[in-house]
Amino acid sequence: MKLKQTAAAAITAMWVSATAFAAPFGNKDDLAYAAEIWVNMSAAGFTGKGATMSTPYTGMHPHGAILDTIDTRLKVGDNDDILIIKRNYGGDGVSKSAVANDPEKYLKAVTVMYRKKGFDADIQDWFWVKYAPDGSVLKNPKGVSLAGKVGKGMAKGCVACHQGAPGGDLVFNHDRYAK
Ligand code: HEC
């Protein structure tokens, strides 16, 4: 009996730590903050019909066939800092001009890096999110929401890949953004 309880406790402990390890992002706070960013982005004209965009350009894996990227600043509560939005476009007939004419038709995802002071110095305080076009947060194949420190300390994910960007600020288009 005692042994069984101990075993059960050990299994529970293992399960809890395995769960915690599997998801260092996508928790309740991350989702709440992602929702707050979206509301403020929308109020500032960065989502939906007629959203501010750059000239579409040909993209590369994993960000989609055609991309547009803008960098700006956004205020979320007391935090007023850099926001980089990369929109991913795809689907039948996608091309730079098709996207320029009707961005909403081809929009597949909106990936965001937002600098939230004090969030996590190890990753330059970048908060990461991948939204569906309607502002809901997309999930990875394991069902974990892509918001927060996505891929930190892992083999895959936003942070894992962006840590390879030159300049040490996790930004690939270092010359153009995040100045
Ligand atoms: C396998 C590598 C890889 C992964 C994973 C990845 N990215 Fe990127 N990301 C890139 C590359 C490469 C660029 C530059 C592409 C370009 O020139 O437009 C980029 C660009 C960006 C940019 C524009 C700023 C910059 O760095 O130039 C944002 C914003 C962004 N990614 C967000 C995300 C988010 C959010 C995730 C996770 C949901 C993610 N990325 C996952 C490789 C990756």
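Which residues does leucine 146 touch, not counting residues up to four places away in sequence? Leucine 146 touches Phe25, Trp128, Val129, Lys130, Val137, Leu138, Lys139 and Asn140, where contact means heavy atoms within 4.5 Å. The structure is a predicted model, in which local features need pLDDT of at least 70 and side-chain atom pairs count only at pLDDT 80 or more, while totals for chains, interfaces and linings use all residues. Residues are numbered from 1 along each chain as its sequence is written, and side-chain values use heavy atoms, with hydrogens and water left out.

**Overall architecture**

- The chain has five helices and six strands; helices (H or I, at least four residues) and strands (E, at least two) are DSSP runs, numbered from the N terminus.
- Read from the N terminus, the order of elements is α-α-β-β-β-α-α-β-β-β-α.
- Of the 179 residues in the chain, 39% are buried; buried means under 20% relative accessible area, exposed over 50%, and partly exposed in between (1.4 Å probe, protein chains only).
- Among contacts between residues at least 6 apart in sequence, 49% join residues at least 24 apart.

**The largest nonpolar core**

- The largest nonpolar core holds 39 residues, of which Ile37, Met41 and Tyr131 touch the most other members. Such a core is a set of buried Ala, Val, Leu, Ile, Met, Phe, Trp, Tyr and Cys residues joined through side-chain atoms within 4.5 Å.
- At least two residues of this core come from each of helix H2 (28–43), strand S2 (66–76), strand S3 (79–89), helix H3 (96–101), strand S4 (107–115) and strand S5 (126–131).
- Tyrosine 131 touches Ala34, Ile37, Trp38, Met41, Ala109, Val110, Val112, Ser136, Val137 and Leu138, leaving aside residues up to four places away in sequence.
- Methionine 41 belongs to helix H2 and counts as buried because its relative accessible area is 0%.
- Beyond residues up to four places away in sequence, the contacts of methionine 41 are Phe46, Thr47, Leu74, Leu83, Ile85, Val110, Val112 and Tyr131.
- Methionine 41 and leucine 83 are 42 residues apart along the chain, and their C-alpha atoms are separated by 9.3 Å.

**Two buried loop residues**

- Threonine 47 is placed in the loop between H2 and strand S1 (57–58), and its relative accessibility is 16%, so it counts as buried.
- The side chain of threonine 47 makes a polar contact of 2.8 Å with the side chain of serine 42. A polar contact is a pair of N or O atoms within 3.5 Å; within protein, one must be able to donate a hydrogen and the other to accept it, and residues adjacent in sequence count only if both atoms are side-chain atoms.
- Leucine 146 lies in the loop between S5 and strand S6 (147–148) and counts as buried because its relative accessibility is 15%.

**Surroundings of the ligand**

- The ligand is surrounded by 21 residues, the closest being Tyr57, His63, Cys158, Cys161 and His162; a residue is near a molecule if one of its heavy atoms lies within 4 Å of it.
- S2, S3, S4, S5 and helix H5 (158–162) each contribute at least two residues to the shell around the ligand.
- An N or O atom in the side chain of tyrosine 57 is 2.7 Å from an oxygen atom of the ligand.
- A polar side-chain atom of histidine 162 lies 2.8 Å from a nitrogen atom of the ligand.
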